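Dear colleague,

Please find below the structure that I am handing over to you. My findings follow directly after it.

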Amino acid sequence: MKILEYLTPERVKLHLTGETKKEIIKEMAQLFVESGVLDSEDLEEFVKEINEREKLTPTGMQDGIAIPHARTPFVKKLSLALGISNKGVDFESMDGEPSKLIFMIAAPEETKKEHLDLLAEISKLTYEEELIEQMENVDTIEEIFEKLKNI
């Protein structure tokens, strides 16, 4: 499984403007609406489910990565969005550091194995410190795809 199988350029935002976890989640969920993965009338419910999932177990990993995610009937197909926060946002990460690379997974309810496989694939990025640093400082969406292609 490759991360790029689930990520498209229209679901990448280089400069997230939100300053809190909730603001970032809402901002990124909008990327799923804009790319047709989620209907606009389901946006609030999807955001609510992501926030509920965050209350159970925060999704801040380490080394500046967070992976908010939810399996929900509102999502049409397993999809990934990526946002970069220049300042970083508190996702209650394992190392206490703010998250700058936010990978959001939107998964239909029936995609349990694929969903977990994608989570695992993104989690492996925490071992790629140089790559993470490079991704935090890209100038274009094309650079993101070039970096992810090489892992």
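Glutamate 146 counts as partly exposed because its relative accessibility is 42%; buried means under 20% relative accessible area, exposed over 50%, and partly exposed in between, with a 1.4 Å probe and protein chains only. This residue lies in helix α5 (residues 141-149). Its C-alpha atom is separated by 33 Å from that of glutamate 45, 101 residues away along the chain.

Please note that this is a predicted model, in which local features need pLDDT of at least 70 and side-chain atom pairs count only at pLDDT 80 or more, while totals for chains, interfaces and linings use all residues. Residues are numbered from 1 along each chain as its sequence is written, and side-chain values use heavy atoms, with hydrogens and water left out.

Overall architecture

The protein chain has five helices and five strands, where helices (H or I, at least four residues) and strands (E, at least two) are DSSP runs numbered from the N terminus. Their order along the sequence is β-α-α-β-β-β-β-α-α-α. The radius of gyration is 14 Å, close to the 15 Å that the globule rule gives for 151 residues, so the chain is as compact as a globular protein of that length; the radius is taken over C-alpha atoms, and the rule is 2.2 Å times the number of residues to the power 0.38. Along the principal axes, the C-alpha atoms fill a box of roughly 35 × 30 × 25 Å. Of the 151 residues, 49% are buried. Among contacts (heavy atoms within 4.5 Å) between residues at least 6 apart in sequence, 70% join residues at least 24 apart.

Isoleucine 132 and aspartate 63

Isoleucine 132 belongs to helix α4 (residues 129-136) and is buried, with a relative accessible area of 4%. Leaving aside neighbours within four places in sequence, its contacts are Asp63, Ile65, Leu101, Leu125 and Thr126. Lysine 100 is 32 residues from isoleucine 132 in sequence and 9.3 Å from it in space, C-alpha to C-alpha.

Aspartate 63 is found in the loop between α2 and β2 (65-66) and is partly exposed, at 27% relative accessible area. Most residues other than glycine have a negative phi. Aspartate 63, although not a glycine, has a positive phi of about 55 degrees. Glutamate 92 also has a positive phi, near 55 degrees; this residue is in the loop between β4 (79-89) and β5 (99-107) and is partly exposed, at 47%.

Aromatic pair

The structure holds one aromatic pair. Phenylalanine 32 and phenylalanine 46 form it in an edge-to-face arrangement, with 5.8 Å centre to centre and 75 degrees between the planes. Rings of Phe, Tyr and Trp (its six-membered ring) pair if their centres lie within 6.5 Å, and planes under 30 degrees apart count as stacked, over 60 as edge-to-face and the rest as tilted. Phenylalanine 32 is in helix α1 (residues 21-34) and phenylalanine 46 in helix α2 (residues 43-56), 14 residues apart. Phenylalanine 32 is buried at 0% relative accessible area, and phenylalanine 46 is buried at 0% as well.

Largest pocket

The lining of the largest pocket comprises 11 residues, with Ile3, Glu121, Leu125, Leu148 and Ile151 nearest its centre. A pocket here is an open set of points on a 1 Å grid over the protein atoms alone, where a 1.4 Å probe fits, with protein on both sides within 12 Å along at least five of seven lines; lining residues have an atom within 4 Å of a point.

Kind regards
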